[in-house]
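Visitor: I would like to learn how to read contacts and pockets in a protein model. Could you walk me through an example?

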Amino acid sequence: MVERKKLILNLFEMNTVSHITHGLWSLPGNNRHRVNDISYWIELAQILEHGGFDGVFLADVVGAYDVFRGGPETAIREGLQIPSNDPLLVIPAMAAVTERLGFGVTFSTSYEPPFAFARRMSTLDHLTRGRVGWNIVTSYLPNAARNFGLADEIPKERRYAIADEFLDVVYKLWEGSWDDDAVVADAATRTYTNPSKVRYIDHVGENFQVAGPHLSEPSLQRTPVLYQATGSPAGIEFAGRHAELVFTGGRSTADFIRNVAHMREAAERHGRGREDLRFIVQAGVVVGRTEEEAADKWRTYRENTSVDGILAHAGFPFDPTAFSRETLVRDALAQAGVSDDAVPYAAPDSTIGALLDSVATGREGRFFVAGTPTVVADEIERWLDEDGIDGINLRQYHSFDTARDFAELVVPELRRRGRLLEGGPTLRERLFERGPRLPENHIAARYRGGANLDEPVPALFDRFIQ
């Protein structure tokens with residue numbers, strides 16, 4: 001009998017008031033305004049731990065959304081990812097009250113140096129006893145670039161080239177700087193670490209010069225689980241070399257399947273197995289004990305969704321709310337001095353009203369379900385078996401009702417069907433059912449034991465970026 005695929009279950013979260021469900025923070029009983037309070041994160045961690053979640057996926061940005069209406073005012077008014085706090089700092093509090101919950105945290109490779117980040121992640125891997133992962137991003141907001149002294153955002157291909165070297169540096173620190181048996185903790189000789197087992201990395205590259213040695217002793221995973229959110233050609237090639245768990249999607253099942261196939265092919269180009277990557281999607285689930293209860297919840301969420309917030313988040317180059325609903329999109333774009341392809345998913349011959357309606361519901365689609373626990377579990381099984389996903393980042397409409405509802409109503413049904421992951425003390429063991437370290441066919445493994453520290457890695461993008 002073929003074993004049923006198990007679901008990787010993450011809650012999608014951000015250390016901010018309005019993450020991706022704009023306007024809903026103001027609903028009665030919503031706790032999103034409490035993100036500055038450590039008790040919010042402790043309570044959330046306990047809900048997820050006891051509710052059967054595998055992890056919390058923490059998003060982040062390092063700039064404001066200031067394209068829509070020519071400034072950040074809409075985002076600021078809406079609480080749209082501003083104010084926003086550092087996601088790394090809530091992990092120790094959540095880890096202290098949990099034993100199995102994993103933490104996938106976002107950090108950008110574009111603007112801060114790798115040496116200090118490598119120590120932060122090693123520290124978190126120690127404090128969580130091997131339950132931390134890193135969502136590798138390159139930062140796309142123009143305001144982010146200006147926050148770090150640049151006139152404009154770095155072109156995408158250049159950002160990924162920087163990221164590739166950033167990864168090379170941290171691999172050398174995590175995997176190559178300390179031997180497994182470097183720490184002896186010999187009180188008799190007053191020797192904590194054998195100096196012959198620790199080395200400089202002496203990395204000299206186009207973007208970074210890092211001497212080392214790494215300041216943290218080896219943690220359980222050494223290298224955290226490597227997440228990546230992507231779907232672009234550059235991101236796909238990067239994922240083939242580096243990623244273990246990819247957060248991707250598409251506007252249809254076909255888009256998702258195509259992205260997965262391309263990333264598996266990229267993994268093979270880099271000497272890895274096609275099955276070395278797992279794939280998760282953002283999913284919306286509204287569940288009730290009855291169909292009527294689920295429908296009432298979904299109606300409340302739709303009625304309170306902020307279209308302004310969505311437009312600001314999407315970085316719309318014009319303001320469709322400034323036109324009548326009957327205006328053709330083509331005419332509105334012309335009046336705003338914006339080209340037809342500036343909003344690729346807006347059909348020029350449709351109306352502004354149709355565009356705004358699609359914006360309000362556009363995050364739903366293939367990976368969305370509303371209904372009873374049985375209906376929801378049936379649909380998730382279809383995602384696993386027909387679409388081929390490995391897991392979900394659960395979109396939050398209400399904190400903490402979304403997580404509680406899923407934990408109380410859906411998790412027992414999925415568990416009964418044998419669809420949830422079991423055990424594994426570290427995050428990598430839980431997600432991949434193998435040891436806590438990266439496999440030998442991953443590029444980071446080339447540095448183990450101090451090997452190849454002075455050997456440059458092959459260029460990543462020369463043949464693939466068009």
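Guide: Gladly! Let's begin with contact, which means heavy atoms within 4.5 Å. Keep in mind that this is a predicted model.

Visitor: Which residues is Arg241 in contact with, leaving aside its neighbours within four places in sequence?

Guide: The partners of Arg241 are Asp164, His270, Arg272, His442, Ile443, Val457, Pro458, Ala459 and Leu460. Arg241 itself sits in helix H7, which covers residues 233-242.

Visitor: Is Arg241 buried or exposed?

Guide: The cut-off for buried is under 20% relative accessible area. Arg241 has 4% relative accessibility, so this residue counts as buried.

Visitor: What joins the side chains of Arg241 and Asp164?

Guide: A polar contact of 3.0 Å does. The Arg241 side chain also has a polar atom 2.9 Å from the backbone oxygen of Pro458.

Visitor: Which element gives the most to the lining of the second largest pocket?

Guide: That is H6, with six residues. Helix H6 (156-176) and strand S7 (203-204) each supply at least two residues of this lining.

Visitor: How do the residues of that lining divide into nonpolar, polar and charged?

Guide: There are nine nonpolar, three polar and ten charged residues in the lining of the second largest pocket.

Note on methods: Residues numbered from 1 in each chain as written. Predicted model: local features only at pLDDT ≥ 70, side-chain atom pairs only at ≥ 80, totals over all residues. Heavy atoms only, no water. Helix = DSSP H or I, 4+ residues; strand = E, 2+ residues; numbered from the N terminus. Buried < 20%, exposed > 50% of the residue type's maximum accessible area, 1.4 Å probe, protein only. Polar contact = N/O pair within 3.5 Å; in protein donor to acceptor, adjacent residues only side chain to side chain. Nonpolar A, V, L, I, M, F, W, Y, C, P; charged D, E, K, R; others polar.
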